[in-house]
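Let's take a walk through a protein model, one feature at a time.

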Amino acid sequence: MATEVKSLNEECGIFGVWNDPEAAKRTYFGLHSLQHRGQEGAGIVVRQENGQLLGHKGMGLLADVFSRPEALDTLVGTSAIGHVRYGTAGSHGIENIQPLLFHYLDGDVAMAHNGNLTNAVSSRRVLEKSGATFQSNSDTEVLMHLIQRQKEATFVERLKASLNQIKGGFAYLILTKDALYAALDPNGFRPLSIGQLENGSFVVASETCALDVVGARFVQDVKPGQLVQIDDNGMSITNYTNQTQLAVCSMEYIYFARPDSNIYGVNVHLARQRMGYQLAKENPIDVDIVVGVPNSSLSAASGVALALNVPNEMGLIKNQYSSRTFIQPTQELREQGVKMKLSALKAVVDGKNVALVDDSIVRGTTSKYIVKMLKTAGAKSVHLMISSPPLKYPCFYGIDIEHTRELMAANHSVEEMRAMIGADSLHFLSLPGLIKAIDLKHNAPNEGLCVAYFDGNYPTPLYDYAADFEAPKTADERVLSATVEMEEV
Ligand SMILES: O=P(O)(O)OC[C@H]1O[C@H](OP(=O)(O)OP(=O)(O)O)[C@H](O)[C@@H]1O
Ligand SMILES: NC(=O)CC[C@H](N)C(=O)O
Ligand SMILES: [Mg+2]
């Protein structure tokens with residue numbers, strides 16, 4: 001399967017609007033600002049005047065999917081939802097591109113989902129046994145079939161009952177002829193914000209950067225366990241469950257979200273800057289310049305430079321046209337991908353001791369290559385500073401972090417990693433340092449953050465994933481298994 005060069009894969013972006021004459025175009029602009037969250041495919045569904053839903057979707061970037069003006073012009077209606085996808089479950093084909101659209105006798109339903117359900121496979125098995133026929137093979141669709149099987153009288157009641165049956169991470173937007181619904185999982189793993197346009201219409205989006213782009217005023221974040229209903233009477237918010245505890249994904253702050261977004265009132269750029277600041281306070285190294293790895297680490301690099309009191313220099317350039325490089329996932333081609341993406345500035349790094357700042361190490365491909373590149377460009381020494389703790393555990397709630405076996409930090413000590421990467425020193429931000437830097441101050445474990453990728457403490461049971469979950473081996477276990485393998489030879 002062809003895959004993108006990126007090793008930390010994005011998740012999905014969702015956007016919805018109710019009662020706006022420019023619903024489809026508004027959704028297009030909102031989705032455009034969420035493009036960083038998913039590049040596999042995109043789609044928009046509108047509610048037409050007769051109450052029926054009409055959609056257009058395709059593979060690739062939003063601008064490719066809507067490259068012909070007619071595609072957007074035919075989506076006439078005053079309410080819409082849209083989606084940009086990076087798949088976490090099911091195949092990567094057109095059948096799983098969202099919004100998913102269903103036609104029933106009592107009305108059409110469309111849904112867009114960011115997150116990953118942890119009980120989708122087992123739920124689907126039960127649903128199929130009782131006669132359900134799925135149109136896709138992604139986890140998202142399970143919710144629709146659950147809704148159809150509930151006995152309650154109203155759609156809202158059936159929806160609430162179904163939301164209590166799905167597990168894992170989800171931010172859902174659901175469009176019917178009567179309303180736009182937004183629902184967030186009981187841990188609030190994924191961000192979701194409500195805004196209001198000048199004409200009074202409500203919009204809902206994965207990130208606040210999408211509210212800004214369509215000219216909406218921020219109203220509030222959707223909270224864990226909430227169901228928001230927006231219709232011609234305005235907006236109402238209820239809870240479909242009271243068993244909630246905030247555990248918003250810390251990787252949103254570290255890497256995924258756009259720097260101009262705010263999640264639970266915390267600006268992403270400033271949080272990254274504080275991560276860098278804290279990282280340098282924990283590791284006060286002696287260098288001449290700080291260089292951030294573009295783009296996602298530039299905020300953290302500014303914080304490192306501030307704390308070390310040395311210049312923050314542009315020692316690396318990112319080719320802005322390389323992000324769509326789909327290649328076969330071999331290590332050699334991955335390295336070629338980094339080469340196409342980043343170049344060193346000899347004029348800046350020659351003869352310098354460099355603090356190189358990146359937000360994370362997944363496989364180590366980027367770091368290994370950049371350290372080599374900076375040294376080739378004349379850097380005297382390269383000290384790699386990572387503005388998050390070592391990534392050791394996979395994510396099951398909606399971001400596609402590789403399997404344990406591919407995570408460098410799950411399989412090697414920090415000193416082993418340093419040697420493999422070829423850096424003069426290697427430093428990570430501590431977990432308490434990360435929590436302090438994000439500064440959510442929420443009354444929940446880790447101040448309301450999910451940090452399972454770093455400490456393996458998942459806030460929920462893993463359901464369908466529990467059996468296959470491979471915890472990283474300790475150093476002793478690694479030695480033991482290597483010995484067993486040798487004996488077997
Ligand atoms: O250790 P690795 O396997 O190389 O993965 C880590 C890198 O991946 C991410 O960047 P990415 O290249 O995905 O995108 P970015 O340009 O948005 O930072 C992350 O910011 C690190 O730089
Ligand atoms: N990255 C996501 O949020 C993906 C949503 C959904 N699980 C899908 O695979 O389509
Ligand atoms: Mg990067």
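This is a predicted model: local features need pLDDT of at least 70, side-chain atom pairs count only at pLDDT 80 or more; totals for chains, interfaces and linings use all residues.

Residues are numbered from 1 along each chain as its sequence is written, while chains are lettered from A and ligands numbered from 1 in the order in which they are written.

**Domains**

The protein chain is assigned domain 1 (7-244) and domain 2 (268-444 + 472-488); such bounds come from an automatic or database domain assignment. Their C-alpha centres are 34 Å apart. Where they touch, 14 residues of domain 1 are in contact with 11 residues of domain 2 (contact: C-beta atoms, placed from the backbone, lie within 7 Å). On the domain 1 side, β7 and β8 (168-175) each give at least two residues, and β7 has the largest share with three. Strands here are DSSP runs of E with at least two residues, helices are runs of H or I with at least four, and both are numbered from the N terminus.

What kinds of residue make up that side of domain 1? Three are nonpolar, nine polar and two charged. In this scheme Ala, Val, Leu, Ile, Met, Phe, Trp, Tyr, Cys and Pro count as nonpolar, Asp, Glu, Lys and Arg as charged, and the others, Gly among them, as polar.

**Around ligand 2**

β7 (residues 107-117) turns up again here, with four residues, the largest share of the shell around ligand 2. Which of the 17 residues around ligand 2 come nearest? They are Glu11, Cys12, Gly87, Asn114 and Ser138. A residue is near a molecule if its C-beta atom, placed from the backbone, lies within 6 Å of it. By class, the shell has three nonpolar, 11 polar and three charged residues.

**Helices that pack**

Two packed helices are described by the angle between their axes and the distance between the axes. The axes are lines fitted to C-alpha atoms, for helices over the stretch in contact, and angles run from 0 to 180 degrees between N-to-C directions.

Helix α5 (residues 142-149) and helix α6 (residues 155-163) have axes that come within 8 Å and cross at roughly 125 degrees. That makes α5 oblique to α6, because angles under 35 degrees count as roughly parallel, over 145 as roughly antiparallel, 65 to 115 as roughly perpendicular and the rest as oblique. Leu143, Leu146 and Ile147 of α5 meet Arg158, Leu159 and Ser162 of α6. That contact has four nonpolar residues, one polar and one charged.

Ala271, Arg274, Met275, Gln278, Leu279 and Glu282 in α9 meet Gly433, Leu434, Lys436, Ala437 and Ile438 in α16. This contact divides into six nonpolar, two polar and three charged residues.

Most residues other than glycine have a negative phi, and most peptide bonds are trans. Here are some exceptions.

| Where | Feature | Angle |
|---|---|---|
| Gln98 and Pro99 | cis peptide bond | omega about 0 degrees |
| Pro294 and Asn295 | cis peptide bond | omega about -5 degrees |
| Asn309 | positive phi, not a glycine | phi about 60 degrees |

Pro99 is in the loop between β5 (79-85) and β6 (100-104). Asn295 is in the loop between β18 (289-292) and α10 (298-308), and Asn309 is in the loop between α10 and β19 (312-313).

Methods. Two residues are in contact if their C-beta atoms, placed from the backbone, lie within 7 Å.
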